[in-house]
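Here is a short briefing on one structure. Look at the sequence and the model first, then read the points below.

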Amino acid sequence: SYTIDNQALVTPVLSQMQASNIGTTITELSSFTNRFYTTTGGSDASNWLKQKWAGMATGRADIAVTQFTHSGYNQKSVILTITGTDNPSEVIVLGGHLDSTVGSGTGETSRAPGADDDASGIASMTEVLRSMIANGYKPRRTIKMIGYAAEEVGLRGSQAIAQNFKANNVNVVGVMQLDMTNYKGSANDIYIYTDYTDSAQNTFVANLITTYQPTLTIGYDKCGYGCSDHASWTAQGYYASMPFETTMSQSNRYIHTVNDTFANAGGQANHSLKFARLAASFAIELGSDGA
Ligand SMILES: N[C@H](Cc1ccc(I)cc1)C(=O)NO
Ligand SMILES: [Zn+2]
Ligand SMILES: [Zn+2]
């Protein structure tokens, strides 16, 4: 049951989160020539994220960072695991994708900053991690943060990981996808996508927004296809949600071009902060439940 009863744990983590930190991470990720799944930049970005997250977790024996090796391409997914204290077998997943693209012709020297798609999602997760650590938060369930490889070429990284988790009977109780969080292109703040997601969990997500970010407005929409990594988890029978930055019709026109830059989203991460706070409230409310 999706009870919202951990205000004492959630509120301090949310209040410490800052858009400026998210913007810094977006800028760092955007500085790789590209993060395409088959290029040097794509592998470098994966290794960079692993190092960044591992550095942030120094001193936390309950946090481990690993890379998931994929067959057929070099870019690895990055998985950070915060092992739960007394209910570790139940797992919450926050996800975003590491790779960037300017289309099927992307090569070694192609410029694909991918600031919104999806450095914004990775940066949002990173700020969740930073604030959880700053507040000494330790979940009862296990929380995993995943930077997926190869999303742009058919959700390949998340498909491999979700299939692997299913095959290993990992008890994932909920998944949230953060793909494109910083382009404020529509009237409402957060759009909950209702296809390839779980409706009961989507209701919980809406309730998290009204509880912890009551000034924000909520909209609903559909992609009409498996538009990001949440679809990989739904395909394996797990509960997934995708809060998105705009309506489908008003989605960011800069994506998959050289113009998907931090500057073209306004040079600030105020929109991403809403999604980072939502992800934190999702992970802490679900993560603080015992067996
Ligand atoms: N197809 C998605 C982008 C995308 C996702 C949802 C919507 I609505 C519009 C556009 C993608 O490129 N993900 O990386
Ligand atoms: Zn994306
Ligand atoms: Zn994309």
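Donors are N, O and S atoms within 2.8 Å of the metal (3.2 Å for Na, K and Ca); water is not among the atoms, so sites may look incomplete. With that in hand, the donors of the zinc ion (ligand 3) follow the spacing D-x34-E-x103-H along the chain. This is a predicted model, in which local features need pLDDT of at least 70, side-chain atom pairs count only at pLDDT 80 or more, and totals for chains, interfaces and linings use all residues. Residues are numbered from 1 along each chain as its sequence is written, chains are lettered from A and ligands numbered from 1 in the order in which they are written, and side-chain values use heavy atoms, with hydrogens and water left out.

**The zinc ion (ligand 3)**

- Its protein donors are Asp 117 (OD), Glu 152 (OE), Glu 152 (OE) and His 256 (NE2), at 1.9 to 2.3 Å.
- The six donor atoms of the zinc ion (ligand 3) make angles of 57 to 156°, and the site is irregular.
- For comparison, ideal angles are 109.5 degrees for four tetrahedral donors, and 90 or 180 degrees for six octahedral ones.

**The zinc ion (ligand 2)**

- His 97 (NE2), Asp 117 (OD), Asp 179 (OD) and Asp 179 (OD) coordinate the zinc ion (ligand 2) at 1.9 to 2.2 Å.
- This site is irregular because its six donor atoms subtend angles of 31 to 159°.
- Its donors follow the spacing H-x19-D-x61-D along the chain.

- Which residue bridges the zinc ion (ligand 2) and the zinc ion (ligand 3)? Asp 117 does, and the two ions lie 3.5 Å apart.
- Asp 117 sits in helix α4 (residues 115-134), while Asp 179 is in the loop between β5 (171-177) and β6 (190-193), 62 residues apart.
- Helices (H or I, at least four residues) and strands (E, at least two) are DSSP runs, numbered from the N terminus.

**Buried or partly exposed**

- Buried means under 20% relative accessible area, exposed over 50%, and partly exposed in between (1.4 Å probe, protein chains only).
- Asp 117 counts as buried because its relative accessibility is 3%.
- Asp 179 is also buried, with a relative accessible area of 3%.
- His 256 counts as partly exposed, at 34% relative accessibility.
- Tyr 196 counts as partly exposed, at 39%, and lies in the loop between β6 and α6 (199-212).

Terms used
Tetrahedral: all angles 85-135°; square planar, octahedral: opposite > 155°, others 65-115°.
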